[in-house]
Amino acid sequence: MQVCVFSHNRRLLGSFFFFKPKGNSATVRIGGEIRETLSLRINGEYPFENNGVSLTVQVKNGQVAIVHSTCPDKLCVQSGFLQTAGTSAVCLPAELSVTVE
């Protein structure tokens, strides 16, 4: 994101760039409890199950995503791959969240 700062006479005083860092790990929580911490440096697929919902979390090229879920609406899968620290994908029926740290 770029923010430009103008004075009262519209001269450009400065331009600032804000960025969010890429994460190094992803925390998987089920029911609010940390179930696993995954390194984003190691590619792999990790199965989870809760409330009768099966999910697969995939780490690939420094990103993480819920790539498969048996939940009804699949909104968690539609979140896609995440890499920015602080971003999350959530499956409400499974009470599972994946947060990039």
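Mentor: What follows is a walk through the strands, the sheets, the core and a few single residues.

Mentor: This is a predicted model, where local features need pLDDT of at least 70, side-chain atom pairs count only at pLDDT 80 or more, and totals for chains, interfaces and linings use all residues. Residues are numbered from 1 along each chain as its sequence is written, and side-chain values use heavy atoms, with hydrogens and water left out.

Trainee: How much of the protein chain counts as buried?

Mentor: Of its 101 residues, 31% do. Buried means under 20% relative accessible area, exposed means over 50%, and partly exposed lies in between (1.4 Å probe, protein chains only).

Trainee: Sheets next. Which order do the strands of the four-stranded sheet have?

Mentor: The order is 4-3-9-8, in an open sheet with antiparallel pairing. Two strands pair if DSSP finds at least two bridges between them. The edge strands are strand 4 (33–39) and strand 8, and each of them pairs on one side only. On average, neighbouring strands here are turned by 15 degrees against each other, direction ignored. For that angle, axes are lines fitted to C-alpha atoms, for helices over the stretch in contact, and angles run from 0 to 180 degrees between N-to-C directions.

Trainee: And the sheet of three strands, what is its order?

Mentor: That open sheet runs 5-6-7, again with antiparallel pairing. Strand 5 (44–50) and strand 7 are at the edges with a single partner strand each, so one side of each has no neighbour in the sheet. Neighbouring strands of this sheet are turned by 25 degrees against each other on average, direction ignored.

Trainee: Over how many bridges do strand 6 and strand 7 pair?

Mentor: Six bridges, in the antiparallel sense. As an example, T56 has H68 in strand 7 as its bridge partner.

Trainee: What sits in the loop between strand 6 and strand 7?

Mentor: N61 is placed there. Phi of N61 is positive, about 50 degrees, although N61 is not a glycine.

Trainee: Is N61 buried or exposed?

Mentor: N61 counts as exposed, because its relative accessibility is 59%. There is another residue of this kind: N51, in the loop between strand 5 and strand 6, has a positive phi near 55 degrees and is not a glycine either.

Trainee: Back to the other sheet. What do strand 8 and strand 9 form?

Mentor: A hairpin with four residues between them, where E95 in the turn has a positive phi of about 55 degrees. The two strands pair in the antiparallel sense over four bridges. A89 stands opposite V98 in strand 9, and C91 has L96 as its bridge partner.

Trainee: Which residues lie on the covered face of strand 8?

Mentor: A89 and C91 are on the covered face, while S88 and V90 are on the uncovered one. In a regular strand the side chains alternate between the two faces of the sheet.

Trainee: New topic. How many residues has the largest nonpolar core?

Mentor: It has 21 residues, and L55, V57, V64, I66, C91, L96 and V98 have the most contacts inside it. A nonpolar core is a set of buried Ala, Val, Leu, Ile, Met, Phe, Trp, Tyr and Cys residues joined through side-chain atoms within 4.5 Å. Strand 3 (25–30), strand 6 (53–60), strand 7 (63–69), strand 8 (88–91) and strand 9 (96–100) each supply at least two residues of this core. Strand 6 gives the most, with four residues.

Trainee: What is V64 in contact with?

Mentor: Leaving aside neighbours within four places in sequence, its contacts include A26, L40, V57, F81 and V98. Contact means heavy atoms within 4.5 Å.

Trainee: Where is the place of Q58?

Mentor: Q58 is in strand 6. Q58 is buried, because its relative accessible area is 17%. Its side chain makes a polar contact with the side chain of E45 (3.3 Å). A polar contact is a pair of N or O atoms within 3.5 Å; within protein, one must be able to donate a hydrogen and the other to accept it, and residues adjacent in sequence count only if both atoms are side-chain atoms.
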